[in-house]
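Please look at the structure first, and then read on.

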Amino acid sequence: IGVGLVGFGLFFILFGMLLYFDSVLLAFGNILFLSGLVFIIGISRTFTFFFQRPKLKGTSFFFGGVLIVLMRWPLLGMLLEAYGFFTLFR
């Protein structure tokens, strides 16, 4: 279930970007991606991954970007998410 949710999440994010940053598709993709991640590695390990002390900057940018996309500012939100994603997995 988790791998399917992550796959659909990435598909919706890519499709939302191809359709000139459609905020509904991007928001749906973000929600599916994060819920799939929780299904794959579990809620406690997801929480400990995102909220480690050295990764708080990346986490704040990533979740801030998700929040901005949900508030219908897709371009700015995706830029913040991308920066947060690269900071998290650096």
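Phe 47, Phe 49, Phe 50, Phe 51, Phe 62, Phe 63, Phe 85, Phe 86 and Phe 89 are linked by ring pairs into a cluster, where rings of Phe, Tyr and Trp (its six-membered ring) pair if their centres lie within 6.5 Å, and planes under 30 degrees apart count as stacked, over 60 as edge-to-face and the rest as tilted. This is a predicted model, in which local features need pLDDT of at least 70 and side-chain atom pairs count only at pLDDT 80 or more, whereas totals for chains, interfaces and linings use all residues. Residues are numbered from 1 along each chain as its sequence is written, and side-chain values use heavy atoms, with hydrogens and water left out.

| Pair | Distance between centres | Angle between planes | Class |
|---|---|---|---|
| Phe 11 and Phe 15 | 5.7 Å | 10° | stacked |
| Phe 49 and Phe 50 | 5.2 Å | 70° | edge-to-face |

Phe 50 is buried at 5% relative accessibility, whereas Phe 11, at 46%, is partly exposed (buried means under 20% relative accessible area, exposed over 50%, partly exposed in between, with a 1.4 Å probe and protein chains only).

The axes of helix α4 (residues 56-70) and helix α5 (residues 74-88) come within 7 Å and cross at roughly 160°, so the two helices are roughly antiparallel (angles over 145 degrees count as such). The contact, meaning heavy atoms within 4.5 Å, includes Phe 61 and Phe 62 of α4 and Tyr 83 and Phe 85 of α5.

Definitions and conventions: Axes fitted to C-alpha atoms, helices over the stretch in contact; angles between N-to-C directions. Helix = DSSP H or I, 4+ residues; strand = E, 2+ residues; numbered from the N terminus. Parallel < 35°, antiparallel > 145°, perpendicular 65-115°, else oblique.
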